[in-house]
Structures are given as C-alpha cells and as structure tokens.
Number of protein chains: 2
Amino acid sequence: MLSRVARSAQRTPIRRQLVGARQFSSLDLIPNEPSRPSVKTEKVPGPKGIAASHEIGTFQDPRTHVIVPNYEESHGNYLVDADGNVLLDVFAQISSIALGYNVPALLELAKTDEFAKAAMNRPALGSFPPVQWTEWIKTGLLTVQPKGLDQLITTLCGSSANETAFKCSFMAYRQRERGGPDVPFTKEEMDSCMLNHTPGAPQLSVLSFKSGFHGRLFGSLSATRSKAIHKVDIPAFDWPAAPFPELKYPLNEHVKENEAEEKRCLEEYEKILIESKSTRPVAAVIIEPILSEGGDKHASNNYFRQLRLIAKKHGAFFIVDEVQTGVGATGTFWAHEKWGLQQGEEPDFVTFSKKMQAAGVFHKKETRPNAPYRNYNTWMGDPIRALQAREMIKIINQNNLVSHTARTGLNLSKSFKSLFETSNAKGKIMNFRGEGDGTYLAFDLTSPQLRDSFVGKMRNNGIQIGGCGEQTVRLRPMLTFGEKHSEILVSTIEKVLKELQDV
Amino acid sequence: MLSRVARSAQRTPIRRQLVGARQFSSLDLIPNEPSRPSVKTEKVPGPKGIAASHEIGTFQDPRTHVIVPNYEESHGNYLVDADGNVLLDVFAQISSIALGYNVPALLELAKTDEFAKAAMNRPALGSFPPVQWTEWIKTGLLTVQPKGLDQLITTLCGSSANETAFKCSFMAYRQRERGGPDVPFTKEEMDSCMLNHTPGAPQLSVLSFKSGFHGRLFGSLSATRSKAIHKVDIPAFDWPAAPFPELKYPLNEHVKENEAEEKRCLEEYEKILIESKSTRPVAAVIIEPILSEGGDKHASNNYFRQLRLIAKKHGAFFIVDEVQTGVGATGTFWAHEKWGLQQGEEPDFVTFSKKMQAAGVFHKKETRPNAPYRNYNTWMGDPIRALQAREMIKIINQNNLVSHTARTGLNLSKSFKSLFETSNAKGKIMNFRGEGDGTYLAFDLTSPQLRDSFVGKMRNNGIQIGGCGEQTVRLRPMLTFGEKHSEILVSTIEKVLKELQDV
C-alpha cells in the first residue's frame with residue numbers, strides 16, 4: 001500500500017544532529033490509535049454530521065463548521081466524526097492539539113483530585129493564587145521559558161496574550177518617556193485617560209506586518225492583516241503595517257532575489273519606524289516567526305534578527321507571537337530559537353496559546369508595570385490549563401517529541417519534494433515551503449478554488465487538512481505524528497492529485 | 001453569640017412573593033462547610049501566605065495578592081488560606097463562585113469521563129463542535145436565555161464577550177447602513193480595512209457610562225470608565241461616555257432629587273447620541289444593571305428602560321453587561337429582568353461570565369453576521385465551562401437558590417439598616433444600597449482609607465470581603481450564602497466598626 005514517494009522517504013537518513021535522540025514510539029503514548037483512516041459515507045461530513053451541524057445552527061452560526069466530531073471515540077492523530085468516519089487529523093483543531101486525542105496520560109491527569117479541584121474552584125489568580133501556584137508554574141510553563149524571559153503573565157487565549165504584551169509595551173514605553181518607574185502620572189494624564197484622550201490615552205502604535213495574524217479582539221485585530229473579512233466594519237487603531245518578504249521558491253533557485261526582497265522590506269520597515277515618530281510612535285513591533293493564518297509565509301533567520309535589532313535601535317519593544325508556531329511543531333520548542341539572537345537581543349515578549357492549552361506572555365522583569373492593578377483582570381489565566389501544559393511538557397520531553405518532529409518533518413519534506421515533482425502535481429502545486437521547520441510545512445495550489453477542492457477531497461479520502469492564506473494548504477499535525485502517518489498523508493495527496501487531474 | 005442586630009433580622013418575615021419557595025438547606029449541597037471562621041495568625045495573611053506570595057513574586061506581579069488560598073481545603077462559603085486561617089468568603093473570587101468551594105456535585109461532574117474527555121480534547125468550536133454540543137447547550141446555557149434572546153455565542157471571558165457584542169453591533173449597524181445583508185462590501189471597504197482606515201474600518205463608537213466597567217482588552221477598556229489606573233498609558237478609541245446618575249441614599253428620603261438626577265443623565269445621554277451622529281455615530285450602548293467595579297451604582301428600573309428606548313430611537317444596539325450581575329445574586333437570574341422591558345424592548349445583547357464560569361453573549365438572530373468567519377476564533381469558548389454551567393444551573397434550580405438569595409438579601413438588608421443606625425456606624429458608614437437586589441449589597445465608608453482599613457480588619461476577623469469604587473464595600477457572596485452566614489457577617493461588621501472607633 002505504500003506509495004512510491006513514501007517508500008523513498010523511508011530510506012532517507014535523518015539529519016546528523018538528531019541521531020541519538022530516543023525514537024518516540026506512539027504505542028506507549030497513544031495505544032488505541034487506529035492504523036489508518038476509514039471513510040464510511042460518500043462524502044465527509046455525512047448525513048449525521050450535516051444534521052448535527054444543522055441543529056447547532058438553530059442557536060449558533062454553523063457556516064464555519066467542517067465536521068462534527070465525536071471526541072470520545074477519537075484517538076491520537078485520528079478524529080472520528082458523527083458518522084463514524086475516521087480521519088487522520090493533520091490540522092489538529094487549528095494547530096491546538098499537541099499530543100493527540102484522548103491521550104491516556106492526560107485523561108489520567110484530568111481524573112486526579114488535583115485537577116478536578118482546580119477545575120471547580122477557579123480562582124481570581126491575580127489576588128487569590130492557589131498555594132500550589134509556584135510549584136505548578138516552576139515545574140511546568142517556566143521550564144520552557146524562552147532564553148532571557150523569566151517572567152510570565154498567564155491569560156486565557158492568544159489574542160489576550162498579545163493584547164497583554166501590547167499593554168505592557170505601551171506602559172513601559174510611556175514610563176521611559178516619563179523618566180522612569182517612580183515618576184508619577186500627571187493630573188492631566190489621569191483626567192484625560194478617563195475621556196480616552198491624549199495625553200493619558202497616548203497616540204502610540206503597534207507595528208505589525210502585512211499578512212500577519214495576531215487575534216481578533218480590538219487591539220489584536222488592529223494588528224492583524226490577514227484577510228479583509230476579518231476586519232471589515234470593525235473600528236481599528238490607526239497603526240502601521242510593514243511589508244513582509246514575498247519569497248520565491250524553491251529558495252535555492254532564488255537566493256539573490258530573496259535577499260533583495262528581504263532588504264527592501266527591512267528598509268521599508270525602518271522607514272515606517274522613523275516616520276511614525278512624528279505622528280504615532282511605534283511602542284511595539286509584533287511578528288510571527290512564520291506568518292501562519294496569512295498563508296505560511298517564511299523569511300530568513302537573518303531577516304528576523306534584523307527586525308529585532310532595528311526595533312531596538314528605534315526604541316520599540318519586540319513581541320514574538322508564537323501562538324501558532326510555539327510548542328515544538330517547527331522542530332525547536334520555540335520557532336524563534338532558530339534566529340540565533342545573541343544575549344541582549346532576545347525578544348521583549350513571547351506570547352503563546354493553542355498547543356500549550358495554557359496561554360500567556362513570557363517577558364522580562366523590566367516590563368512588569370510600575371504599579372499594581374495596571375495589568376489585572378478577574379481570572380488572569382486558568383490553573384487547569386497550566387496543569388495540562390505541565391503534563392504535556394513532561395511528555396514532550398520524555399519522548400523527545402520536538403526532535404522527533406524535526407526528523408519527521410525532514411523526511412516528509414523529502415517525500416513532498418519528490419511527489420511535487422511528479423507529473424501529477426505539475427500545474428497544481430507550487431511553493432512548497434517549511435523544510436527544516438519540523439512538520440510546519442505548506443504548499444500552494446494554483447488557485448483558491450483548487451485549494452478548496454483539494455482540501456475537500458482530502459477529507460473525503462480520510463484526511464483532515466487545513467488551508468490558510470488565499471490558496472495555501474498548511475500542515476499542522478500533532479507532535480506524535482510520525483512516519484506511518486506521513487506515509488498515509490503522502491499517498492493520499494498522491495491519490496487526490498490524480499482525482500483533481502481527472503476533473 | 002448572635003449579635004443584637006442579627007437576632008432582630010432572624011425574626012423578619014420574608015417577602016410575600018417568596019413564600020412557598022422551597023427552603024434551601026446548605027447541608028445537602030455543601031456538607032463539609034465549617035460552622036464559622038477561624039483565624040490562627042495575628043494578621044491575615046500570615047507568615048506562610050506572605051512567603052508563598054513572595055515566591056510567586058519571582059516570576060509574576062504579587063502586589064495585587066490578597067491571600068494565597070488552599071483551595072483543596074476550602075468548603076462552601078469558607079476559604080482556607082496558606083496559614084490554615086478559615087475565612088467566610090463574601091467576595092467569592094471577585095463574584096465568580098456561584099455555589100461554593102469544592103461542592104461535591106461539581107467535583108463529581110469533574111470526575112466523569114464526559115468532563116475529563118472534554119477537558120483534554122478542547123475543540124475549535126467554530127469548525128469542529130462536538131457531537132454533544134447541542135445537548136450540552138440546550139439543556140444548559142440556553143435554559144437561562146434572557147427573554148427574546150435565543151442565540152448564543154460562547155467566549156472565554158467577560159471582556160471578550162463584550163467585545164464580541166461590540167463587533168456584532170458594528171457589523172449589524174453597517175449592514176443596516178449598507179441596505180441589508182445581501183449588499184456586498186465595496187472594494188474600497190475591503191482595501192481600506194486592511195489599512196485600518198475608513199470606510200472599511202468605520203468611525204463608529206460604543207457609548208458607555210462614567211464609572212462603568214466592561215473589561216480591559218483594547219475595545220472593552222475603551223468602554224471602561226472605572227479608574228484611571230486601569231486606563232492610563234493605553235491607547236483608546238475616541239468613544240463617548242455618558243453620565244450615570246449619582247443617587248442619594250436612603251432613596252425614600254431623596255425621591256425628587258434622584259428623579260431629577262436621572263432625568264438630567266437621560267437628557268445628556270440622548271444629547272450625546274444625537275451629537276455623535278455627525279462625528280462618530282454610536283453603534284452600541286453598553287450598560288451594567290448595577291455599575292459594580294465602579295462603586296455599586298444603582299439607578300431606577302425606569303431609568304434603564306428609558307436608556308433602552310432612547311438607544312432604539314437613535315438606532316444604537318443595546319448591550320446589557322451582566323458579567324457581574326448575572327446568575328442570581330441580585331435575586332433574579334438576570335438583573336435586567338427587573339426593568340420591566342416589554343416584548344420588542346429586550347436588549348439586543350446580554351453578556352455573561354464570572355459566576356457562570358462559561359462566558360458569552362446571548363443575542364437575536366438578526367445580529368448574526370451576514371457571512372461566515374466574521375465572528376470567529378480558535379476556541380470560541382470552552383466546552384468544560386459549558387458543562388460546569390449546565391450543572392450549576394441545575395443545582396440553582398433544584399435548590400431555588402435565586403429566591404433563596406432574594407430572601408437572604410432582604411433579611412440582611414434589614415440587619416444592615418439596623419446596624420448602620422447604631423452609634424458605632426455613625427460617621428463611618430453611609431449610602432447603604434441594594435435592598436431588593438438579593439445579596440448584591442453595598443455601602444460606603446467615609447473615606448478610601450477607612451474603607452481599606454475596614455476590609456483589612458474584616459479579614460483579620462475572619463471575613464474576606466471586597467471593595468469597589470473609591471470607598472465602597474461590596475457584598476458578593478455565593479448563592480449558598482444564607483442566614484447563618486449573614487449572622488456571622490453582621491456581628492463581625494459590628495465588631496470591626498467598634499475596632500475602627502477605638503483607633
């Protein structure tokens with residue numbers, strides 16, 4: 001049953017630096033995982049799924065439903081839907097499942113007294129943190145703190161993590177302008193902020209990048225530049241957007257053009273930082289290591305390092321949004337680890353959510369607000385998600401799942417490259433990208449319609465895969481995705497490309 | 001041990017309409033509750049609590065900590081802290097615990113397979129809702145839908161619930177201006193919104209009220225007008241704030257003045273709605289039924305009804321923020337039920353969070369966005385909080401906890417009024433308010449310093465009580481708070497007032 005391409009990938013040697021990492025065996029971690037997809041209905045979703053979606057439609061918008069899963073029956077990388085179809089899930093709830101469905105070790109955690117009591121006694125963490133809080137955080141989330149960032153604000157989701165980083169940036173920026181943490185606010189600032197007017201509500205901005213996505217609350221949406229349908233009709237702050245490089249693929253065939261494109265974008269970026277100073281100074285720059293919702297756009301490590309250095313040069317705080325890229329999928333725990341930032345060049349803030357299940361902001365003590373209650377809300381995170389993150393981090397480490405994912409991604413990249421050179425793929429697939437970024441792989445179809453058709457046929461063939469940008473397919477599997485799943489994925493893509501040809 | 005005032009309250013007959021409601025017995029629901037507070041350390045927090053807070057301070061801001069609780073040892077209305085002090089908790093995690101700590105029925109829920117699997121398989125609800133979603137919502141949250149609002153968007157917190165209502169209002173407002181749901185966006189709108197410019201990012205506003213609190217993300221913070229320290233240094237939308245009536249207490253001694261004050265505020269409100277039309281039209285008005293964080297400010301039912309009608313007259317959507325007032329504490333499930341709105345006058349949106357544990361927006365189908373993905377994010381709520389809400393709603397109904405709370409609050413109001421007339425209270429306590437609003441009671445101390453001193457001494461005497469506004473003490477107990485807790489509360493206040501006198 002192995003396709004030619006998948007067989008070839010199996011023989012590929014793994015990258016040298018990964019040799020020696022313990023091989024992860026999915027049998028221990030997700031013992032009940034099906035061996036392959038199984039589609040029972042003519043199309044997915046089938047009649048039961050459609051009926052379930054229709055029922056939800058009586059009280060909630062059902063138009064964005066893809067399938068209605070039966071989570072209780074799902075295992076590991078496989079999602080079961082209302083009709084009993086078994087799908088290999090390489091989208092993972094929009095990149096939000098780290099290990100798999102119904103992982104026994106996590107279900108065990110959920111059944112502990114500790115977890116049950118934490119779930120049913122949700123505290124106002126900012127004022128009444130539980131006695132175990134230090135232990136939960138120090139043995140959990142803090143063990144994966146990005147280099148140089150030893151402070152942690154927990155939140156409930158990625159959007160609020162980014163907005164928290166914005167708020168801390170604005171406060172720290174104004175504090176610097178004011179002359180330090182001990183300089184008091186003026187009466188004019190205190191009075192005018194209550195009217196949403198300057199100087200108390202300052203004319204400062206967050207610079208983001210075209211195609212960037214940072215959430216959909218009012219501050220984060222002002223920084224989001226993915227799609228018009230996300231933004232139209234919603235008031236927004238007059239904040240600037242810099243161009244993000246449009247690299248050409250394959251990279252090794254377009255070295256000079258891509259260098260020039262990155263240089264052009266860096267110059268434009270610096271120009272905006274300078275010009276904004278006289279109108280609406282940039283207090284913070286926010287960037288994803290891979291622009292994900294916007295279409296899996298990559299740039300070189302050097303480009304990102306320059307972004308960081310130029311932000312520093314112009315006094316803007318630097319926020320790395322790792323909400324989607326974080327937690328191992330790119331083959332390093334944090335995607336920005338690859339940039340090679342030196343000591344003193346670290347980001348000011350790194351935000352996370354999704355696969356971590358817990359959400360929040362890592363930062364430095366110098367951006368802790370100068371007075372209490374400046375960053376505060378009722379829940380300030382959720383202890384059960386911190387407990388879940390702790391357990392997942394432990395499992396990731398014990399099973400070397402980050403290096404496993406780096407290795408899996410390299411092999412899969414080779415298979416994709418072989419496949420995408422076949423006549424089946426020609427004229428349909430282009431811009432394969434992400435090699436070296438674990439399983440964080442993507443490619444474009446030649447039109448949005450073809451992309452949608454591809455995704456639909458993949459589902460009908462037993463694979464839940466997701467799109468992003470205008471005509472991109474993005475791979476966002478779990479960290480337990482391995483060679484056997486890769487084989488099924490590659491052979492199914494091969495099949496679907498033939499089907500598309502037959503149309 | 002009963003104080004004179006508490007004894008007198010016990011003899012008070014309950015309000016006629018509540019006679020016949022089954023008496024709630026806390027013994028069934030929270031069997032392990034202590035019978036009274038017990039303070040072991042000289043002050044609260046004691047040395048262990050202070051040390052625990054200091055430890056958290058190495059990675060998180062500890063300056064807002066009040067105590068560090070041991071939730072595993074806490075039961076019902078009683079919170080145990082790191083030092084083993086047992087406090088009667090009438091603040092309930094900033095009004096976010098509906099029934100009590102470690103309620104056995106809720107811990108049982110947490111240990112079910114259904115809950116554990118829902119916790120560990122968190123879905124992207126907008127695209128992959130679980131097969132049980134309709135059942136969970138129809139037998140849970142939808143059973144408490146405010147009259148006329150049969151649509152539900154779930155979110156993760158109160159701030160994002162309010163911002164979701166804002167976004168739906170803006171979209172519906174522009175849709176009406178555009179001429180209906182089928183009129184397409186113009187190219188100019190689609191292009192300009194990506195730059196955060198008009199017309200795509202429209203110059204529309206949300207009108208809120210001075211002293212109102214609606215959250216601390218960028219949109220909700222723009223509508224929040226509680227305290228400058230919440231807002232200073234954070235960019236804000238240029239949205240208007242209307243005055244909220246400053247009523248004088250006791251109400252029956254200031255009938256005419258209060259009527260005039262409400263009239264003045266309504267006129268000013270309508271003036272803003274009219275004047276905004278030429279600059280930044282008001283797409284939505286947001287109001288809390290009792291302005292809680294801002295100092296427990298009340299107004300008459302007629303005032304609120306007029307607010308709603310005037311909003312309608314000027315084409316603004318009307319959002320009732322029940323994040324703090326909702327779920328029974330005011331003696332009705334929703335506080336706005338008391339306003340007497342007629343059919344067709346219902347709010348357009350009612351938001352909730354806190355005691356519901358689940359968060360979201362009830363609304364009407366006409367404000368469902370006209371296209372998919374206009375209101376969308378990764379999680380769109382959390383199924384386990386919907387499950388928890390369903391169980392809590394069942395318990396609230398089975399034990400008649402809303403009418404229990406109405407009754408408890410009436411009796412407690414009588415005790416307070418007696419107590420606050422004693423010589424102990426004179427010159428220290430004023431503006432007692434909330435009678436008829438369940439246990440949602442408040443009073444002012446004569447200065448912010450005295451309020452803080454009062455709250456601290458209450459804690460040292462075994463009661464965790466909270467402040468709000470500048471010099472207000474607010475009562476926010478759970479729905480299982482009853483006569484025996486009232487007695488302890490009243491006698492402790494009596495004692496602390498004496499202590500304040502002795503200073």
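In which sense do strand β2 (residues 86-89) of chain A and β12(A) pair, and over how many bridges? Select both strands to begin the tour: they run in the parallel sense and are joined over two bridges. Strands here are DSSP runs of E of at least two residues, helices are runs of H or I of at least four residues, and both are numbered from the N terminus; two strands count as paired if DSSP finds at least two bridges between them.

This is a predicted model, in which local features need pLDDT of at least 70 and side-chain atom pairs count only at pLDDT 80 or more, while totals for chains, interfaces and linings use all residues. Residues are numbered from 1 along each chain as its sequence is written, chains are lettered from A and ligands numbered from 1 in the order in which they are written, and side-chain values use heavy atoms, with hydrogens and water left out.

**The sheet in chain A**

To find one of the bridges, select A:Asp89, whose bridge partner in β12(A) is A:Gln464.

**Two chains together**

The same surface serves both copies, since 100% of the contact residues of chain A recur in chain B.

Next, select the residues that meet across the interface, where 126 residues of chain A are in contact (heavy atoms within 4.5 Å) with 126 residues of chain B. The area buried between the two chains, that is, the accessible area (1.4 Å probe) lost on putting them together and summed over both, is about 11300 Å², and carbon and sulfur atoms give 58% of it.

There are ten salt bridges between chain A and chain B, each a side-chain nitrogen of Lys or Arg within 4 Å of a carboxyl oxygen of Asp or Glu. For one of them, zoom in on A:Lys111 and B:Asp113, whose side chains meet at 2.6 Å, N to O. Then colour helix α8 (residues 158-178) of chain A, which gives eight residues, the largest share, to the side of chain A that touches chain B.

Select B:Phe185, which is placed in the loop between α8 (158-178) and α9 (187-193) of chain B. Leaving aside residues up to four places away in sequence, B:Phe185 touches A:Ile229, A:Val232, A:Asp233, B:Arg178, B:Met190, B:Asn370 and B:Arg374.

**Backbone details in the loops**

In chain A, look at A:Val44 and A:Pro45, which are joined by a cis peptide bond with omega of about 5°; A:Pro45 is in the loop between α2 (26-29) and α3 (47-56). In chain B, another cis peptide bond joins B:Tyr249 and B:Pro250, with omega of about -5°. Finish at A:Asn196, a residue other than glycine with a positive phi near 65°, in the loop between α9 (187-193) and β4 (205-209) of chain A.
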